[in-house]
Amino acid sequence: MQLLIISNVVFLMMTADRVKAIGSEPGRLLLLPAFLLWGFYQELMYRGILQTELVRRWGALAGILVSNTLFTFGPLHLYHFARGASALPMFAGIFAMGLFFGVLFHRSGNLWLVGIAHGIGNVYIEGTAR
């Protein structure tokens with residue numbers, strides 16, 4: 001919970017000017033709930049369903065690594081391949097965050113925690129992108 005609060009404060013400080021711009025663009029403001037739901041949907045599919053089943057079948061280490069690899073390079077992130085070589089840092093970041101969320105979900109058993117954190121991350125990343 002502390003991580004969620006600290007990360008929100010840091011992101012708001014880093015993107016304050018872009019967050020203000022979102023408030024002045026009603027069309028973008030309406031998209032923010034969609035970004036929040038999209039993050040929760042991804043966690044439901046890849047952690048709640050896939051990771052849970054793979055951990056049950058293969059154990060925690062293999063289950064988390066395989067589900068996270070499928071999450072990183074799966075259909076939900078395919079659009080990053082269009083960037084070519086510059087996609088490598090993006091995939092590394094997605095893999096690292098996915099691994100963190102996978103371990104957090106495995107240890108806590110709380111899908112809401114990782115789903116909301118992922119959704120908030122999507123709001124910052126997609127909502128403040130220009």
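Trp38, Tyr41, Leu44, Met45 and Ile49 form a nonpolar surface patch with about 440 Å² of accessible area together. Patches consist of residues with over 30% relative accessible area and no salt bridge; nonpolar side chains (Val, Leu, Ile, Met, Phe, Trp, Tyr) are joined within 5 Å, and like charges within 9 Å. Areas were computed by the Shrake-Rupley method with a 1.4 Å probe, and for residues only the protein chains shown count as cover. The model is predicted: local features need pLDDT of at least 70, side-chain atom pairs count only at pLDDT 80 or more, and totals for chains, interfaces and linings use all residues. Residues are numbered from 1 along each chain as its sequence is written, and side-chain values use heavy atoms, with hydrogens and water left out.

Helices (H or I, at least four residues) and strands (E, at least two) are DSSP runs, numbered from the N terminus. The relative accessibility of Leu44 is 34%, so Leu44 counts as partly exposed. Here, buried means under 20% relative accessible area, exposed means over 50%, and partly exposed lies in between (1.4 Å probe, protein chains only).

Three were found in a search of the whole structure. The criterion is a side-chain nitrogen of Lys or Arg within 4 Å of a carboxyl oxygen of Asp or Glu. Arg47 pairs with Glu43, with the closest N and O atoms 2.8 Å apart. The two residues are four apart in helix α3, so about one helical turn separates Arg47 and Glu43. Arg47 is buried at 0% relative accessibility. Glu43 is likewise buried, with a relative accessible area of 0%.

Glu53 takes part in a salt bridge with Arg56 (2.5 Å, N to O). These residues lie three apart in helix α3, about one turn of the helix. A salt bridge also links Glu53 to Arg57, the closest N and O atoms being 2.6 Å apart. Here the spacing is four residues, again about one turn of helix α3. Shared partners join Glu53, Arg56 and Arg57 into one network of salt bridges. An α-helix has 3.6 residues a turn, so residues three or four places apart point the same way. Glu53 is partly exposed at 27% relative accessibility. Arg56 is exposed at 58%, and Arg57 is exposed at 58%.

Helix α5 (residues 87-108) has 22 residues and, at 1.5 Å a residue, should span 32 Å. The expected span is 1.5 Å times one less than the number of residues. The end C-alpha atoms of α5 are 31 Å apart, which agrees. Its buried residues are Ala87, Phe91, Ile94, Gly98, Phe101, Gly102 and Phe105. They cover an arc of only 105° around the axis, so they lie on the same side of α5. The arc is that of the directions from the helix axis to the C-beta atoms. The face turned away from this buried side carries the exposed residues Leu88, Pro89 and Arg107. Gly109 follows α5 and has a positive phi, near 70°.

Five aromatic pairs were found in the whole structure. The rings of Phe100 and Phe101 have centres 5.9 Å apart and planes at 50°, so this pair is tilted. Rings of Phe, Tyr and Trp (its six-membered ring) pair if their centres lie within 6.5 Å; planes under 30 degrees apart count as stacked, over 60 as edge-to-face and the rest as tilted. Phe100 is partly exposed, with a relative accessible area of 35%, whereas Phe101 is buried at 7%.
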